[in-house]
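Here are some notes to read alongside the model, for anyone opening it for the first time.

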Amino acid sequence: MKQELARVLSNEEIMEGGHLLWLEAPGITGSGTEPGQYLMLRCGTSYDPFLRRPMSIHRVMGERLAVVFKVLGKGTTILAACKAGDSIDMLGPLGHGFHIERGSLNLLLVAGGLGVAPLTFLADEALADGCRVTLLLGTPTASWRFPQRLLPEGASVQVVTEDGSEGTRGLVSDLAAELESDFDMVCACGPAAMYKAMVDSGISASRKVQVSLETNLACGVGACLGCTVQTRLGLKQVCSDGPVFDLADLLI
Amino acid sequence: MDLTTELVSGTRGLKLKNPVMNASGTFGYGTEYSSLIDIQELGAVVTKGTTIESRAGNPQPRLKETPAGMLNSIGLQNIGVEAVIAQKAPLWATWRVPVIVNIAGSQVEDYAVLASRLSVVDGVSGLEVNISCPNVKAGGVAFGASPRMAAEVTRGVVSSTTLPVIVKLSPNVSDIVEIAVAVREAGAHVLCLVNTLRGTAIDINSRRPFLGNGMGGLSGPAIRPVALAMVYQAAKMVDIPIIGCGGIATAADALEFIMAGASAVQVGAAQFVDPSSLLRIAEGIDEFMEREGVKYLSELVGVAL
C-alpha cells in the first residue's frame, strides 16, 4: 500500500459523462496489484470535497494504470477536468481482489454498468493465463455502454440492455443465472441490486461466484469501520477484507 | 525545537514526543496505517472505542460526506476489551509510541470495570474516557451531557486505575465549560475537547435519513471554529491540560488550538483525506516554532487567552 502523487498521462471522455484516466504510478504498480483491488483518489487539494473517491483498478501496464469513472458530483467533476501532466494523490493498491481458483479455465464475468472497470483487468490477466473469458455487459441503454474498443481483446462479449437498444433485452443478472452452469467461475461487479437479482434468479450459492461490493468509504484501510457489512463469516470491512467476497458468504 | 508535551507527570505519566495524536475511531488499533506512516513518530496512538463486550455497531450506511467534512454513525463497533488485551496490547508493548485506550460503557460501572482491567495491561499508557459518542443510545453522550453523570464516570475511572485519565467531552451540550469543570473536579488528569457534533443528512430520493442510524457525528474542517471556541472557553476555566480536537487538518489549525489553550491535538477525519497529515502537522509545528524562535511548545499553549 502506497500513497503516491500519480502523474496523469491522459484523460479521455469515453462515453457520456464517463472518463478513462491513465496515470503513471510506479509506487502503486510496484507494490503488486490484483484485479478487484482499488485506489483512493483525492479530488483536488482542498478539503471540499472532503473524502477520497474509491475507484477500481481498470487496467495495469507496467508502471501505468487506468481508472474509469462517471461524473456524479463535485469530486468526479474535479477529476474529469484533469489534464495530462496534472498530479493526483492516490492511495493503493487497497483491499482484496478476485481470486481465480486453480484449474478454473472458463470464466464468466458479469458487469453492471461501470462494474466492467475491474473486470477488464481480471479478463486481461485471465486471458494471459490461458483462460477462456465471457463478459456479460449489462447497461440500461446502448448510449451508456462501455466502448467495445476498450474491452479486453480475446474475451467473448455479450451486451444486455434493459431497453433492448443493443444486444439482448433484459437484465444481465438473468443471463448470468442462465449461463452460469457452463462456467467454472463467475466474477461480478455492479450495484448491490444486481447481486440481489442474481440470487433471485437462482444463481448458485456455491463457492464459485465472487462479487465486488460497493459502500461509502472514508479510510480505505480498515481503520474507521464505516464500511462494515454483516456476512455469514461475521462482520467484514468492505475496504480491507473485500471489496471482493464470495457471494455465498453475503447476506443478500 | 522541543515539541515534547508532558500531559501527566510522574513515573506513570504521559509524556509525548510531540503534541500530535490521532482521534479515536479514525485509526483502528494503530496497525492499520502502519504501512503508510511511521506510527512510532506520533505523539500517541488512541485506539478505537473499547467496550466490555464486543459490539457490532450500527446498520449501513455509516458514512456521508458533507461540505468540508463527514458524518459517521459507526456505533462503537469493536472487538471488546478482552480481545483488545489478547490480540492488540502485546504488540503495543513493543512500541515506543504510547497507546491510549479509548473506553466506553453503557452504564457508569462499566467505565470503572474497563479502567481496572486495562490498568494492569502492558502496552497501555493511558485511558481516554468516551462520554461523548453521539452514535449509541447508552454509554455515549448521555453521560457527557450532565455534569453530575460526567463527574461520576470520571471518579469511577480515576479510582480504578493508576493510568493517566483523559476525559473526552461532547460538544452537544448547552455549556461545555460546566462539564469540563465538573470532570476536572472529579479527578480527570486531562480533558479532550471535542468529540463529533451531532448531525444528519436526508436522502431526498428515498425521503429518509441517509445514515442507517438516523443521525451521526459531524467531523472535519467544517467543525473547527466550533471546537476551537470550546477549547478557548474551557481553557480559561480549568487548570489541567486540554487536548484539542475537531477539524484539525494542518499545522496552522493545530497551532490555533494550542494558542487557544490546548497542550496537544488530535487529528481525525483529515487523515482519511491525507494519511500523512499527522506527521506533517508535527513537522509544521516544529517549523513554525523555529521560524518564530520558540524553543518550547509550552510557550505557545494558551497565548491567545
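1. One cut-off before anything else: a residue is called buried when its relative accessible area is under 20%, and exposed when that value is over 50%. Keep in mind, too, that what you are looking at is a predicted model.

2. Start with Leu76(B), which sits in the loop between β6 and α1 (81-92) of chain B. Its phi is near 55°, a positive value in a residue other than glycine. Is Leu76(B) buried or exposed? The relative accessibility is 6%, so Leu76(B) counts as buried.

3. Now compare Arg207(B), found in the loop between β12 (202-203) and β13 (208-209) of chain B. Here phi is near 60°, again positive in a residue other than glycine. Arg207(B) has a relative accessible area of 72%, so this one is exposed.

4. You will find it in the loop between β3 (20-22) and β4 (45-46) of chain B. With a relative accessible area of 13%, Gln40(B) is buried. What does Gln40(B) touch, leaving aside residues up to four places away in sequence? The list is Lys17(B), Trp95(B), Arg96(B) and Val97(B).

5. Two cis peptide bonds deserve a look. One joins Gly242(A) and Pro243(A), with omega about 10°; Pro243(A) is in the loop between β15 (234-237) and β16 (244-246) of chain A. Another joins Leu193(B) and Val194(B), with omega about 5°. Val194(B) belongs to the loop between β10 (190-193) and β11 (197-199) of chain B.

6. The largest nonpolar core has 154 residues, and Ile103(B), Leu193(B) and Ile285(B) are the ones that touch the most other members. Helix α9 (residues 277-292) of chain B supplies the largest share of this core, seven residues. Not counting residues up to four places away in sequence, Ile285(B) touches Leu3(B), Pro19(B), Val20(B), Ala251(B), Ala254(B), Leu255(B), Ile258(B) and Leu297(B). Apart from this core lies another, of 20 residues, including Ile28(A), Leu41(A), Met55(A) and Phe69(A).

7. Next, how the chains meet. How many residues of chain B are in contact with chain A? There are 35, and they contact 26 residues of chain A. The area buried between the two is about 2500 Å², with carbon and sulfur atoms giving 60% of it. On the chain B side, Leu63(B), Glu65(B) and Val273(B) lose the most area to chain A, together 26% of what that side buries.

8. The elements giving two or more residues to the side of chain B that touches chain A are β5 (63-66), β6 (69-72) and α8 (270-273) of chain B. By type, the residues on that side divide into 17 nonpolar, eleven polar and seven charged.

How values were computed: Residues numbered from 1 in each chain as written. Chains lettered and ligands numbered in written order. Predicted model: local features only at pLDDT ≥ 70, side-chain atom pairs only at ≥ 80, totals over all residues. Heavy atoms only, no water. Contact = heavy atoms within 4.5 Å. Buried area = accessible area lost by both parts, 1.4 Å probe. Helix = DSSP H or I, 4+ residues; strand = E, 2+ residues; numbered from the N terminus. Nonpolar A, V, L, I, M, F, W, Y, C, P; charged D, E, K, R; others polar. Core = buried A, V, L, I, M, F, W, Y, C linked by side-chain atoms within 4.5 Å. Buried < 20%, exposed > 50% of the residue type's maximum accessible area, 1.4 Å probe, protein only.
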